Amino acid sequence: MTQLTDISHWPDRVEALVAQIGEPLREGRVVLSCDSTQNMARAMGAGSLVVASRQVSGRGQRGNTWEDTGSEGLAFSLCLPKTSEPSRSIDIAAAIVAALESSAPSRLEVKHPNDVLLDGQKLAGVLIEQSGEL
């Protein structure tokens with residue numbers, strides 16, 4: 001798999017993406033390492049996108065911690081305002097598979113309820129948390 005740890009050129013791209021999309025996205029931050037992209041995005045507030053080469057205390061389902069390798073992936077978190085919509089993690093996982101299928105070196109699939117697998121190995125997890133007032 002391609003090494004993705006060099007994200008030094010990403011801040012300008014993320015900033016341009018935030019400007020292009022607009023509301024509800026209002027701020028983007030790219031960091032080499034952090035404890036949790038979720039914690040960082042939540043602290044920044046609704047409309048924040050955080051991208052990291054490595055996170056050491058990410059959160060998964062049922063309170064599990066998740067640490068990435070820092071060599072073959074990226075951690076993303078997006079903090080949006082709370083809605084009354086049900087969790088769409090399976091839809092987002094399916095969208096990730098659809099977006100990566102043409103460039104994936106082998107078989108991608110969704111493992112219910114929120115994981116993206118590459119050749120049976122976890123490539124990504126989608127965790128949606130809501131906080132704040134409706």
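**Figure 1. Leu-118 and Gln-121 across strands 7 and 8.** In this predicted model, Leu-118 stands opposite Gln-121 of strand 8. Strand 7 and strand 8 (residues 121-125) are paired in the antiparallel sense, over four bridges. Together strand 7 and strand 8 form a hairpin, with two residues between them. Asp-119 lies in the turn and has a positive phi of about 50°.

Figure 2. Helix 3 (residues 89-100) is made of twelve residues. From its first C-alpha to its last, helix 3 reaches 17 Å, close to the 16 Å expected at 1.5 Å a residue. Ser-89, Ala-93 and Val-97 of helix 3 are buried. Viewed down the helix axis, these buried residues fall within an arc of 85°, so they line one face of helix 3. Ala-98 and Ala-99, on the other side of helix 3, are exposed. The cover over the buried residues of helix 3 includes strand 6 (108-111) and strand 7 (115-118); strand 7 is also the strand that forms the hairpin with strand 8.

Figure 3. Three strands make up an open sheet with the order 1-2-5 and mixed pairing. Strand 1 and strand 5 are at the edges with a single partner strand each, so one side of each has no neighbour in the sheet. From one strand to the next, the twist averages 20°. The pairing of strand 1 with strand 2 is in the parallel sense and extends over seven bridges. Within this pair, Arg-29 stands opposite Val-50 in strand 2.

**Figure 4. Helices 1 and 2 on the sheet.** Helix 1 (residues 10-21) lies across strand 1, strand 2 and strand 5. The direction of helix 1 is at about 150° to strand 1. Helix 2 also lies across strand 1, strand 2 and strand 5, running at about 155° to strand 2.

**Figure 5. The buried face of helix 2.** Thr-37, Gln-38, Ala-41 and Met-44 are the buried residues of helix 2 (residues 37-44). Seen along the axis of helix 2, they fall within an arc of 130°, so they line one face of the helix. These buried residues pack against strand 1 (27-34), strand 2 (48-55), strand 3 (58-59) and strand 5 (75-79).

Figure 6. At the start of helix 2, Ser-36 places a side-chain oxygen within 3.2 Å of the backbone nitrogen of Gln-38. Gln-38 is itself one of the buried residues of helix 2. After the helix comes Gly-45, which has a positive phi, near 100°.

**Figure 7. The whole chain, for orientation.** Three helices and eight strands are present in the protein. Read from the N terminus, the elements follow the order α-β-α-β-β-β-β-α-β-β-β. The protein has 134 residues, of which 29% count as buried. Of the contacts between residues at least 6 apart in sequence, 39% join residues at least 24 apart.

Technical notes
Residues numbered from 1 in each chain as written. Predicted model: local features only at pLDDT ≥ 70, side-chain atom pairs only at ≥ 80, totals over all residues. Heavy atoms only, no water. Buried < 20%, exposed > 50% of the residue type's maximum accessible area, 1.4 Å probe, protein only. Arc of directions from axis to C-beta. Contact = heavy atoms within 4.5 Å. Polar contact = N/O pair within 3.5 Å; in protein donor to acceptor, adjacent residues only side chain to side chain. Pairing = 2+ DSSP bridges. Axes fitted to C-alpha atoms, helices over the stretch in contact; angles between N-to-C directions. Expected span 1.5 Å × (residues − 1).
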